[in-house]
Amino acid sequence: MHDPEAISVLVIEDSQDLAANIADYLETRGYLVDTAMDGVTGLHLAVTQPHDVIVLDLMLPGIDGLTLCRRLRQDAHSAVPVLMLTARATLDDKVAGFGEGADDYLVKPFELRELDLRLRALTRRARTGEAQRRLKVADLVFDLDTFAVQRAGQPLILPALPLKILELLMKRAPGVVLRRDIEQAVWGDSPPDSDSLRVHMHTLRSAIDPPGLPPLLHTLRGIGYQLKAPDAPAA
């Protein structure tokens, strides 16, 4: 059984010896490694298989590394971090690589330990960015890019204003959010009558706390609201 925290890496390198050395070293460091010996195969694996990071040689048969990286970014809209390998060390070559969407650059020959450190740094930054775009409280998940909300794996449909309130509550969870802070976030300096917020909170509660599931949304009368996991301490 694979470690869910293990880094999955795709190595696209036409030198069989170098690809094998990289794969062997990274696997001893706990990585899950796929390899491709040419650009066409590499692009196919990059598009069809999930990876945390890609090691990409600049000079490849079939499709060169610059073209592959450009197609990965522009055609496949992939944001997977790419570390480019090359024997070229000029500034122009580095500018070209970064211009096509590479995230880092390593000049041959290089130490495998340095490759490991750079791949871990790229993966850490990418995973941190993903976490910031995906809010989670207990089994309630809110994807900020797609506005998709799920509770216990079931999709929830919410109007725009309850969605905005939910985002604020999840970002502050398990902290208490004052009523005035919610009103300011939703309506700015022109809040409606007090019943409006109550109606939106009722809509939100009905969606995220259906019968049969432990409640996540809690009201502190006269103060505000708190979103917290069932086992979190009360305010």
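Helices here are DSSP runs of H or I that span at least four residues, numbered from the N terminus. Keep that in mind as we walk through this predicted model.

Let's start with helix α7. R179 and E183 both sit in this helix, 4 residues apart, which is about one turn. Their side chains form a salt bridge, with the closest N and O atoms 3.8 Å apart. E183 counts as buried, at 18% relative accessibility. Side chains of opposite charge can pair when their charged atoms come close.

Now hop over to helix α3 (residues 65-74), whose buried residues are G65, L68, C69, L72 and R73. Seen down the helix axis, they fall within an arc of 125 degrees, so they line one face of α3. Their cover includes β1, α2, β3 and β4. At the N-terminal end, D64 caps α3, with a side-chain oxygen 3.0 Å from the backbone nitrogen of L66. R73 also makes a salt bridge with D103 (2.8 Å, N to O). That one links distant parts of the chain, since D103 lies in the loop between α4 and β5, 30 residues away from R73.

What about the nonpolar inside? The largest nonpolar core has 26 residues, and L140, L166 and I208 are among those with the most contacts inside it. Helix α6 gives the most to this core, with 6 residues. I208 touches L140, L166 and L227, among others. A second, separate core of 19 residues includes C69 and L72, which we already met on the buried list of α3.

Note on methods:
Residues numbered from 1 in each chain as written. Predicted model: local features only at pLDDT ≥ 70, side-chain atom pairs only at ≥ 80, totals over all residues. Heavy atoms only, no water. Buried < 20%, exposed > 50% of the residue type's maximum accessible area, 1.4 Å probe, protein only. Helix = DSSP H or I, 4+ residues; strand = E, 2+ residues; numbered from the N terminus. Arc of directions from axis to C-beta. Contact = heavy atoms within 4.5 Å. Polar contact = N/O pair within 3.5 Å; in protein donor to acceptor, adjacent residues only side chain to side chain. Core = buried A, V, L, I, M, F, W, Y, C linked by side-chain atoms within 4.5 Å. Salt bridge = Lys/Arg side-chain N within 4 Å of Asp/Glu carboxyl O. Lists of a residue's contacts leave out its neighbours within four places in sequence.
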